[in-house]
Structures are given as C-alpha cells and as structure tokens.
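Visitor: I would like to go through this model in short questions. Can you take me from the contacts between chains down to single residues?

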There are 4 protein chains.
Amino acid sequence: MKKLKIGIIGVGRLGYEHACNIANRVPGSELVAICDASLDRAKAVAEELGVTAVYNDPKALCNDPNVEAVAIVTNTASHVEMIGYAMDAGKHVFCEKPLAETVEKCKEAEKIIEAHPDLIFMLGFMRRFDHSYRIAEKKMEAGDMILVRCYSQDPISIIEGTLDYAPRSGGQFIDMSIHDIDLIRWLTGSEPKNLWAIGGCYEFKQYKDWDDGDNVSCLMQCENDAMAFFFAGRAAAHGSHVETEIVGTRGTLRISGIPTDSMVEVMSSHGVCRECYQDFITRWHDAYITEIEEFCDCVATGRKAAPGVYDGTKSTNIAFKCKESFLSNKQLTL
Amino acid sequence: MKKLKIGIIGVGRLGYEHACNIANRVPGSELVAICDASLDRAKAVAEELGVTAVYNDPKALCNDPNVEAVAIVTNTASHVEMIGYAMDAGKHVFCEKPLAETVEKCKEAEKIIEAHPDLIFMLGFMRRFDHSYRIAEKKMEAGDMILVRCYSQDPISIIEGTLDYAPRSGGQFIDMSIHDIDLIRWLTGSEPKNLWAIGGCYEFKQYKDWDDGDNVSCLMQCENDAMAFFFAGRAAAHGSHVETEIVGTRGTLRISGIPTDSMVEVMSSHGVCRECYQDFITRWHDAYITEIEEFCDCVATGRKAAPGVYDGTKSTNIAFKCKESFLSNKQLTL
Amino acid sequence: MKKLKIGIIGVGRLGYEHACNIANRVPGSELVAICDASLDRAKAVAEELGVTAVYNDPKALCNDPNVEAVAIVTNTASHVEMIGYAMDAGKHVFCEKPLAETVEKCKEAEKIIEAHPDLIFMLGFMRRFDHSYRIAEKKMEAGDMILVRCYSQDPISIIEGTLDYAPRSGGQFIDMSIHDIDLIRWLTGSEPKNLWAIGGCYEFKQYKDWDDGDNVSCLMQCENDAMAFFFAGRAAAHGSHVETEIVGTRGTLRISGIPTDSMVEVMSSHGVCRECYQDFITRWHDAYITEIEEFCDCVATGRKAAPGVYDGTKSTNIAFKCKESFLSNKQLTL
Amino acid sequence: MKKLKIGIIGVGRLGYEHACNIANRVPGSELVAICDASLDRAKAVAEELGVTAVYNDPKALCNDPNVEAVAIVTNTASHVEMIGYAMDAGKHVFCEKPLAETVEKCKEAEKIIEAHPDLIFMLGFMRRFDHSYRIAEKKMEAGDMILVRCYSQDPISIIEGTLDYAPRSGGQFIDMSIHDIDLIRWLTGSEPKNLWAIGGCYEFKQYKDWDDGDNVSCLMQCENDAMAFFFAGRAAAHGSHVETEIVGTRGTLRISGIPTDSMVEVMSSHGVCRECYQDFITRWHDAYITEIEEFCDCVATGRKAAPGVYDGTKSTNIAFKCKESFLSNKQLTL
C-alpha cells in the first residue's frame, strides 16, 4: 500500500493532467512536488492539488529528498537534461514522448539510463495503455501479420494552438506520427527496413515554411515483411481520430474505426450521428492513468518498464527517416 | 420460361412501382394491362412501359382474356370488390395490404377466395420478403422467443402527404402498425391474447380530430407467452425507420437498428453520420420485387402463397382491437 | 481541497468497488472506516486500502468521530436502519439503490431524512451519472417527448450468482427494473399514471417459484402523455446490455444501442463483431466514481443531492405496482 | 421504350450474371444472342433465359443482324480481338475489365474504337455504379482532396477458385487492384505520378512462383498532390471486403467500412456481429445492373460512355507500374 512519491516537472496542459492523475486517480502514487518554468503556475496547481513543495528549478525538484520518482512533461528539447538531473539524483523517471529532438540526444539519454540500471525509466507512449489497444493486443493470435494501418488526425477545431506550437514541434513526423511509429513497432514486433513518406500542405500553406506538410503519410516495409501505412492530418472536421487496424492471416482487428466520445447515437435531420472526441486529453484520459499505474507498479516490483529508452531512440530515428524521405520524395532504406 | 401475364389495377405511387417491377424487374412476369381511375394516368404509364391494354373499368381488366393474374393496388375500401371481380374472372390475385377496411369485409374476402381454391391469392406484406428479414428468419434458432420489438416511423419530411391521406387511411393501427402486427404474428408464430395500446398527438394535433394519435404504441402478450411491443410514429427527423428486434433465449437479432440508405459514413462537423432512407418505396424496393417473384412462383408451381387472406383478416382484427384499446385506454383480451 | 472523510458499511462486490473509488479514484474523498458483517472481510479490504478503522457494528462506524459521511452498500432490507444510525450520528449519507424493500420502509427513510435537513442524502442510481447518459441529457431539446425505451439485460454468463441472490432480491421489478423506472422518471420529468407489466419464465423456470419472471416488460403512460417501455432480462447471450432510447418530436437519442466494452472491431469468420460488457461493475465503472464525486461536491457546497429519498420512494412504489400488474396480469392506474 | 438488343460473348460465372441482368433486370435491354466457348453452356443459358440465337463463334454472334450491341465477358486475353469483331460489324460494345493483358493490346483497342466514333464503348468498372459510391461521389464537395484509401479483400472461403485462376489472372495488380486504381483515378480526377508497391506471400506461398504476392499494397502520389493508398488481399476471414475512404479538407467519406450483407445484427456469445458479403457477385449485384442501364442509355441517347477505353489503358499501365515497383522494390515515377 506504499504510494510512490512523484514530483512533476512541467504542468502545462498535459503536465496538469498527469499531475491530477498522480495526485488523485492513481492508487499507487502521491504527488509531492511540482516544478514549472512559471512559478505562479506551479504554485496554483500545487494549491489546487494540496502539494506543498513547489519549485522553479528542475534540479531542485530532483534533489528534493521526499521525491522518489520524477515525471518529465517539459518541452521535448529539455527532456534529456531533465532525465540527467533526475537520474543523477537517484530518482526513477517517467518521461513524456518524444524522447528527444534529435537521435544524438536520444543516444545521450540511453547512456544516462544505462548508467543507472537500478532506476526505472519509462517513456510516455500512452496509446499502448489504452483499454482498446490492450484488448486488441490480447486478441492478436498466432499467424503472420500482413498490414498495420494507423491514422492520427487532429480536429480542425484546435488548429490555432497546433499552428502556434508547430514551428517548435519538430514537425508532423516527430511530433505526431511518432505515436504511430511506436504502435507499428509494438504491434508488428519488427522494425521498418524500407519506407517512403509523402504529403503536402492541403489546407494550411504555412507548413511549407517549416518544410512540413499539414497532412502526411508513409508506407513501410518491416523486417518481418509486415506492411505498415500511417497517415497524419491536422484538419479533421469531425474530431480527434486515432484509428489503428491490424490485418493478419487469421482475422483483422480495427481499433476505433469511429472514435466516438460516448455511446450516444443522435438521430436527427443530419441522419444517425455519433460524435467524436474533440481533443486528445479526453480521448486518452484513462490511458494516461493506466500508464502511470504501470510506472508505479514497475517501481514497486523492480520490473523493467516498457516502452523504454531504446523505443524512444528507435521511433525518433524512424521519424527522422520519414522526414528525410518526405523532403527528398525518395524511398529510403534503414 | 413462361412469364405470368399480369394486369394491374391502380397505378398511383405504389401501383406505379409494382407496374415497373412486373414489367421490367421480375424475370417471371409480364405487364399486359393497366387500369386506373384516371384513364390519362393509366395511358401514360402504359405508354412508358410498352403496355397496350388500358382500362378505366377494373372489371374490364379482369375480364381481359390475356390477363392471367391481377395486381390490386387501389384504395383499401375497394380491395374486396376487386378481388371478387378478378377471382370471378378466374384470375390469380396479388392484393396490397391492408386486406380491407373492416373485419367484416375481410370475411367476405375469405369467402370469395375459399370459393376459388385453385387460384393463388397473396397479400402484400412486403416486409416478409426483405433481404434482411429473410436472413433474420433463417437465423432464428430453436429456443423460446422472449420479445419482439417493432418500430415503424415515417420521416417528418413526407408529413404533408401523410396528413392528406390520414383521414382515409384507417388510422395508425390499420394503416401503419398492421405491418408490425403481421411481423409479430409471423415471427412469433403465435397470436396476441392480451394487448394495451396507448399514444397521443405529440406534434400534429389534427390526429385528435380523427380519433387517432400521431405516435402510438402497444404491448402485447402472445398465446405462446412471447411478449411483443410496437411503436409507430409520423414525425421521425432522420428518415423512414423500420426496425425489428427478436430477443430469444439463445440470442438476439436486430434488423435495421440504423436504417441506412447506403454504406457511406460521412465524417464532418456533425460527427460521423449515416443517412437513412427517406421514403418507404426506396427502403422496400427489393422487397417489392421479391414478393412479386414469389407470387409468380406460387402461380407457376401451384404452391399456396403466404401471407394469405387469413393473415389479412387476423392482422386487421388485431389492428382494430389496438384501436379499441387506444380509444378506451383499456387493456383488452382477444 | 479538503477531502470528505467517508466510512463505508458493506464491502461485498459493489461495496468493494465503492471503497476503492472513495479511497483512490475520487479526488474529493478519503476512506477512513470500513464495516462489514464479516470482520475478516472488512479487515482485508482495510489493509489493502490503508484504512485503520475497522468495524463489525454499523452503529459503531456511524459514531466514529472521524467519519463525516457514510456510504451504505448493505443488503436492501437493512438500508433504512443504517440511514437512521448515520443521520442520528449527524453524518451525511450515500445509500445504494433500491432505497428499501417496501414502500412503508421508504416512508420511514423520508421521515429520518426530513428530520435532518442539514445533512446530504443521495441515492445510488448511478446510471444518471454515466458519461453517455449525461451527454444525452444535455442533448435533450425542447419539444415534446414521445417515448422512452429502456432495456436492462444481464448476461447469461453470470446467471449462477443471479439465481443465488434472486430469492432475496425483491424480484425483477424491484431489483433490476427500478433502474429503468428511475431513468424514465428522470428523463420524462413525469410520473407514470397507467401501466401494464407482463413477462414469464422463458429460460429459468425457477423464477415461477418466486412469483417472478426471468424476463419481464412493462408499458407505461406518463402524466405528461409520454409513453415508456422497459424490458428486463436475465439471459442475454452477448453481455450486459443496458440501452435507453429517447424519442422526441425533434429527434431521437439512443444510448448504448450496442453496449461495447471497447472500440475494437474483430473481423473473423463470425463476421465483424464487437464485444460487450460482461458485467455491470465494468460497465458503470466511471459512473460509480462520478456519483461519489457528485456526493462529495454536494456535501462541500451544501447543494441538495439528486437522486434523493423521494426518488427512492417513488421508484419503489412504481416497481411494486409493476409487480402487482405482472401478478394480476391487469393494467393498473397509479 | 425500344429495348437494346444485346448479344453476349462468354457466359461463365460473371457472364451468366450479366446475361440474366440483360434479359430480365434491365428495363432498356433485351438478350438476343449468346456465345460461349462451350456450346453446351451457351445452349443451357439460352434455354433458361428464352434466347434463340446461340453461337460458338464470337464473330458469328457479332455478325448476327439482330444484335445491336455486344457484351464481352470472355477471358482478358481475348478482349481486344472481340472488340474488333464487334465494332467491325458495327456493334456497340460493353467490355468487362481489365481492358487487355498488356498496355500494347490496350493501345490496339484504342485504335479500333477511335476508328468507330459513332459506336458506344464502355468498360465494366462496375464499382463506379454502386449505389454507395454514387452517393459518395455526389457528396464530394469542393476543397482539396488529401487521401484516397482503397481496400479490396477477397474472402478466404473462395481461395480455391482464386488459386486456380491466379496463374492466368495477370496477378494481384492487374486482376484485382485495377479496380482500386480506377477508383483512385475517378475519385481524385488525377493520375499518379509516383508510386511504391510492396507485398508478400503471407498465407499462400504459391504466389511466389507467379512473381506475385497474396497480399500487396501501394502508396501513390497524384499529379494534383492527392495521396492514395491501396491494399489488396486474398485471405480475409470475414468476407468480401471492398472499402474506400476519401479524406478531404472539408470532411471524410468512408464507403463500406463494414461491408455488411444485410441490416441484421446478431447478438450472441460472439458479441454483436454483422455478417459480410461472401462473394463479389452478391456485393455488386445492383452495380452490375446499373452499369448495363447506363450502357443502354448511352446507346439510346448517343452520349459518350464512361469509363471508356482510355480509362482501360491508363489503369492497365498503372497496374503494370505497380507490378514493376513490387518486383524491383523500388519507388517509380510515371
């Protein structure tokens, strides 16, 4: 019944969600410290959640003796530095995806983590912990896998925030498709060996200025011969649409073909309609809780956590290869 | 390969549909004569469909020696008279539902048909011939039937025509629910022994003047203890919604839970929507063809047709009991 | 940020669920005391959840000065007594449904609660707090309500436990349909004025011995003329199927037409299948949390809680009328 | 009301379907002559459908003065020769897909057809005439198209016939994916400029011997920047699964996401299941009728038919490029 004492660094939108979960929704965790670049923000969240230790300096939070584990929800570029602070202070680490903004930085993270084999490190690819994905994983039977298809579409309703963040996001492949790259690696149990990525600026021409597209896709051939296709878009009229399909020789599993936010069907002059999730935080609400539960359990039992640092490096590397293929419009071999 | 030569009486909206099917879509039939109260209408349809024999007088069509069978698609009040003309002239008869506007008239029809045991008589409860209903019927397994639930909702988009016809229609139970009454008898293989019907004028107050409701429902207890519930409405926002559910001790079959007019899903700001049938002729297009195919096959093989005249009498009798229960707000025993 | 200190009486299957929620999943609550008829059970749960105050005597828990509110999850027959203990000790009360096993007992509960106007009382009709039902409630627009249809089907897979409990359950109407009776009252904002209930023993003949049916249904006419139909069954092959439909003059809302337990579609030789919830605790997991959140918020703000004691009396009264109608096979007026 | 007198060459499985449609289900057509490599087969079908002119020699059928138009449903390798016979005899031509087995042969067909500008030529890409595809086409709004995704999966239940025909079929791209290639060209209104095709032998290793895969996929970039992805498989457990999705900047249309063969949902221990089409003839039954109606209307009105010969050449050319890409595992530019 011992609760893991977690300090969180970064309480922006997603960080706040994690903070609430750690404080109130995960049985095995306790939120004991909060750090944010804005001390006011850190104080406000701390007051709301009844946390007394508030920091402006990440290193200070990591060195707080009451903190047993650190959750890193800062901007991507600072992840590896934060991992270093935390591990050097002997703390377990949960780090949001993506691991880092370059493959080199990912390798640095590997070194830090390898130097602390007794500390748990877990990367926040939360989709793996979603109820539907876990059911699908259990249903995957023996038999060859033929195709994995992944969609990640953001609703056009949140495009303003997306455009604001886009220049710092690393682009579609690093910021968004990395989720699908992780799913493809996880579900196929294999690595891509060839890929071709394409796309364009269909609605928002400004992506051109960032050497990016607002909608992109990629076809991959894996080492075990499974095919994989992903599509990422920024302008879905109907909502937040993350869909994954696994086609095998014994059957097909489709996850979230219609990403409905409830079990309500509305029959009106528009026909019979189901409404969709309008944002990713609502969509993955339970998965964000489950992944922290898993992290706590790994710490409690000493079990190795997955996804881990190598998943971070590999997905980042593939995402960069996708971007290279997209920019050169050439098929690439990994 | 001999085609059954059919003459049709009544080429209004549904009569025209039957005429086209008999002429062009049913392999075993040929349209050889047309009669309508409006001779101009009869001539126009005849010209379109390449039919030379045109009549204003139903008796004359029935006596046309080239006519082997007669399809009756006139108003309900004239059905029995037309059946008499046709059978007296030695012709097989396909007659639209409902059989007649009173139970007494139904009994007259029984007498006429009993007097001509060699002639085929079939009543047009087309739902029994719909592809989905036939699949459901085949899937019904041994085991006790618990509940049949039937919905019949007309779209509000066609309310003007509905209101025009309402005073002559016999009311919701005779005109509309009779389809569900037939389905309940057919699917349970039993007859109601107790029933209670209720309803009201929820949107169109004028139904009050006709001692009727725009939305009505009825709970029935059948002789074999199956329960049955039907609901009939005139104001569905989303379209023509006919749904039937069969709950048994071994499983449940739901037919047309969402009565979609195609396999298209539209993802837009309204959510993920499927559009519904907007009128009954489109919904039952194939069933109207299949029932005439069945009629032709019964004539060709001498097989007795179903539904037959007793189905007409029984469903009419039940519909009148429903109306009596609705008007008295009392549970009735049959 | 003050957490409401709750003591729970009864940690059987559902009580344990509530205990876990109060302890770990509801931000505003803290589990401080546990009482169970089995002291061993109480101790085991207390140890798991880190609770130190353990009781065998409900009165003792109620008098524990550390307890601010009491959650009653005992058998129905003891509810009113427990409410008395708690309120006499000045504690707020959350009580599981149904309120009591007779209408007279419900009236007693009313008196106790009326005598303590400053204490919050809330009855556990958790369906009102389910995400989908809340969305449906928000979508209900002005315009007359025509029909509410409610299904409550338990999966046949849990029939053994159901049969064990059946003799003490009060029967289908009191134990199971009371949920739908509450939904009908809540959704129509009206009370039934006429009803007719039927049913039978379709699969499990032993219900006959308990003057009950394994499958029952009821048609109701409400004071505002809305129609309501409910169906309750114990033998659904596919899972726990709770479905509610609201037909209005401006559109229809269907909640949980297919009660799927995830967003996974399985394409196999069985067709395209979605699996359903296999038990009510999983189905209503989030609703059980949300209702306790609401209870805590009512205590914190002094807001009156709903559903309240009169909802308990009224639903119980209607359920008994349903049973009377079922046993006499007569339509009844309330 | 004049009916187009059609002679058919080839009455195998699909030819027989066309023959029945021409004879009995298309109002504007009449079946007047039948030719088949097997004279016995031709005679049997002729007797069943009441056709008197029976041929073993295609040229003889083409020269029958009673024949106004010829439907060619022979093996692909003979299509162009048949087109020549028919057009040289002054007959309109409906020809099944694919147009020919090589691009060179397609060019020959172009020359023949260009030499007879007054004769109607139509190629049998029936999917364009399916009710759902036509509805989708009408719903496509202004706005840029982002992605077209096409699935064509045959059920594993028919694999024996598929394997028999496979060596003569031209392979997955020519035989099967050509439908999706046509859909992509039709829906995007553009031509692919870059493509990469991959695949393998996941279940049926014998495809290796034919330089083919049992499951293949292809990513394409179109001249108008639309992306297109298709997947073709031979081993779907659940049925005949043809699905198409059109993602645009204003919304998404998904056609046949679940290719259900009826509106029946079965609730059983397998969950809530919908069964799928088990063969392509049932799936496209109505589309096969509609395309012949369109052909007759083009002949009657002198309107140019689509899809035409150039659609045949272009789709064949693209299919060969896909095959080349698949065999070389290289991205290709067209």
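Visitor: How many residues does the contact take from chain C and from chain D?
Guide: This is a predicted model. On the side of chain C that touches chain D, the classes are six nonpolar, five polar and two charged. Chain C gives 13 residues to the contact, and chain D gives 13.

Visitor: Which strand gives the most to the side of chain C that touches chain D?
Guide: Two strands of chain C, β13 (264-268) and β14 (271-274), each supply at least two residues of that side. With four residues, the one that gives the most is β14(C).

Visitor: In which sense do β14(C) and β14 of chain D pair?
Guide: The partner strand in chain D covers residues 271-274. Arg274(C) stands opposite Val272(D) in β14(D). Three bridges join the two strands, and the sense is antiparallel.

Visitor: How many residues of chain C are in contact with chain B?
Guide: Strands of chain C that each supply at least two residues of this side include β7 (145-155), β8 (192-200) and β9 (215-222). By class, the side has 12 nonpolar, 14 polar and five charged residues. On chain B, 31 residues take part, and on chain C the number is 31.

Visitor: Through what do the copies in chains C and B meet?
Guide: Of the interface residues of chain C, 100% are also interface residues in chain B. The copies therefore meet through the same surface.

Visitor: Which strands stand at the edges of the open sheet in chain B?
Guide: The sheet has six strands with parallel pairing, in the order β3-β2-β1-β4-β5-β6. Its twist averages 25° from one strand to the next. An edge strand has a single partner, so one side is left without a neighbour in the sheet. The edge strands are β3 (53-55) and β6 (121-124) of chain B.

Visitor: What is the bridge partner of Glu96(B) in β6(B)?
Guide: Strand β5 (residues 92-96) of chain B runs parallel to β6(B), with four bridges between them. In β6(B), the partner of Glu96(B) is Gly124(B).

Visitor: How many residues of strand β8 of chain D are buried?
Guide: β8(D) spans residues 192-200 and is largely enclosed by the rest of the structure. That is because, of its nine residues, the buried ones number eight.

Visitor: What stands opposite Ala197(D) in β9(D)?
Guide: Eight bridges join β8(D) to β9 (residues 215-222) of chain D, and the strands run antiparallel. β8(D) also has two bridges to β15 (residues 332-333) of chain D, again antiparallel. There, Asn194(D) has Thr333(D) as its bridge partner. In β9(D), the residue opposite Ala197(D) is Cys218(D).

Visitor: How far apart are the centres of the two domains of chain A, domain 1 and domain 2?
Guide: The assignment gives domain 1 (4-119) and domain 2 (128-279 + 315-333). Their contact takes eight residues from domain 1 and six residues from domain 2. Taken over C-alpha atoms, the centres are separated by 28 Å.

Visitor: Is Val26(A) buried or exposed?
Guide: Val26(A) lies in the loop between α1 (13-25) and β2 (29-35) of chain A. Residues it touches include Ile289(A), Ile292(A) and Cys296(A). The cut-off for burial is 20 or more other C-beta atoms within 10 Å. Val26(A) has 26 such neighbours inside 10 Å, so it counts as buried.

Methods. Residues numbered from 1 in each chain as written. Chains lettered and ligands numbered in written order. Predicted model: local features only at pLDDT ≥ 70, side-chain atom pairs only at ≥ 80, totals over all residues. Contact = placed C-beta atoms within 7 Å. Nonpolar A, V, L, I, M, F, W, Y, C, P; charged D, E, K, R; others polar. Domains from an automatic or database assignment. Buried ≥ 20, exposed ≤ 12 C-beta atoms within 10 Å, placed from the backbone. Pairing = 2+ DSSP bridges. Axes fitted to C-alpha atoms, helices over the stretch in contact; angles between N-to-C directions. Lists of a residue's contacts leave out its neighbours within four places in sequence.
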